[in-house]
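Student: Please take a close look at one part for me, the surroundings of the ligand. What lines that site?

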Amino acid sequence: MHLKQYLTDLNPQGQPLPDGLQDLLLAISQACVGLSQLVAQGPLIGLLGSAGTGNVQGEVQQKLDVLANDALISRLSACSTLAGIASEEMELPITVGSGRGDYLILFDPLDGSSNIDVNVSIGTIFSILKKLNPSTPLEPNDFMQAGSQQVAAGYVVYGPQTTLVMSLGAGVDLFTLDPLTGDFILIKQGICIPQATKEFAINMSNLRHWAKPVQRYIEECLAGVTGVRQKDFNMRWIASMVADVHRVLMRGGVFMYPWDQREPNKPGKLRLMYEANPMAFLVEQAGGQAINGTQRILDIEPTALHQRVSVMLGAGEEIELLRAYHLP
Ligand code: AHG
């Protein structure tokens, strides 16, 4: 079944999606089909390497970061029910049309930028919110909604296959791009993360910088079958959140990018609004959990568009343990 048919006929909510939401989801999927082709061509069309610019986070932008941002904005700007667009790559949101549409979209146009030049999986992450008052012009504050208010969220991972994983708030479904036709085809419905796991993902080189509860959790995993956990754990780290979380959704596990003491005033590396929130929404919809250590990520009331957050998500039993270790 094609994505278009799924959105009109078979969406998991069992009732027709509002036309505006259908248009928006189709627009983002179409933009990602175009991005998938550009990612695949890479050096053939001169798309590797730095753009020579920086973003609002002070990070060096790769050529594909900039191109992906422009491609998404160009396609999404044609959606008449969209009021505003916010992106990792732009300091301020963009108003679409009169700014009086029903929806807002936030995205990380190309997550995992450090992997672009080495041909490792990267992706696009998106979050869709309702504009609370569609009849008034867009204001930056309209985006300041907790992740629990998302009406849809998803990502596209550009890996050996291009895969779209999405939730409309009633489960998580997966589509694979047929590169010959340019269509996303429904492959799997009702993705489920097992409560238990023996696999974790974290950048281990930061171990000495983490807070005690995270150090304790990882050290107990490393102790293996003779330690308190009484089982051997496996570790994976792709350094593209989109690919690491995709693995968690496909076969279980835990993904963490916790706060660390190198920059004590920074809550974490990952961004709440367009990285942590959409991934937390997907993980919860798949039966897992997502916290910042003490609090459910989807309950965090945002105070800034580009705010950062500590992230621990995946298998319920492991996240519960991490939460317990963070208790005072
Ligand atoms: P970006 O949005 O700049 O591509 O950030 C990538 C993020 C995330 O995708 C990944 O999990 C993490 O950075 C990797 O960070 P390290 O290089 O510190 O491992």
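Tutor: **Around the ligand**

Domain 1 (3-188) and domain 2 (199-326) each give at least three residues to the shell around the ligand. These domain bounds come from an automatic or database domain assignment. This is a predicted model, where local features need pLDDT of at least 70, side-chain atom pairs count only at pLDDT 80 or more, and totals for chains, interfaces and linings use all residues. Residues are numbered from 1 along each chain as its sequence is written, and side-chain values use heavy atoms, with hydrogens and water left out.

The ligand is surrounded by 17 residues (a residue is near if one of its heavy atoms lies within 4 Å). The closest are D111, G112, S113, M241 and Y257. By class, the shell has six nonpolar, four polar and seven charged residues. Here Asp, Glu, Lys and Arg count as charged; Ala, Val, Leu, Ile, Met, Phe, Trp, Tyr, Cys and Pro as nonpolar; the others, Gly among them, as polar.

Three strands each supply at least two shell residues: β5 (103-111), β13 (254-257) and β14 (270-271). Strands are DSSP runs (E, at least two residues).

Now the polar contacts, meaning pairs of N or O atoms within 3.5 Å. A polar side-chain atom of Y257 lies 2.6 Å from a ligand oxygen. For G112, a backbone N or O atom lies 2.7 Å from an oxygen of the ligand. R271 places a polar side-chain atom 3.2 Å from a ligand oxygen. Taken alone, the ligand exposes 470 Å², and the protein buries 85% of that (Shrake-Rupley method, 1.4 Å probe).

Methods. Polar contact = N/O pair within 3.5 Å; in protein donor to acceptor, adjacent residues only side chain to side chain. Helix = DSSP H or I, 4+ residues; strand = E, 2+ residues; numbered from the N terminus.
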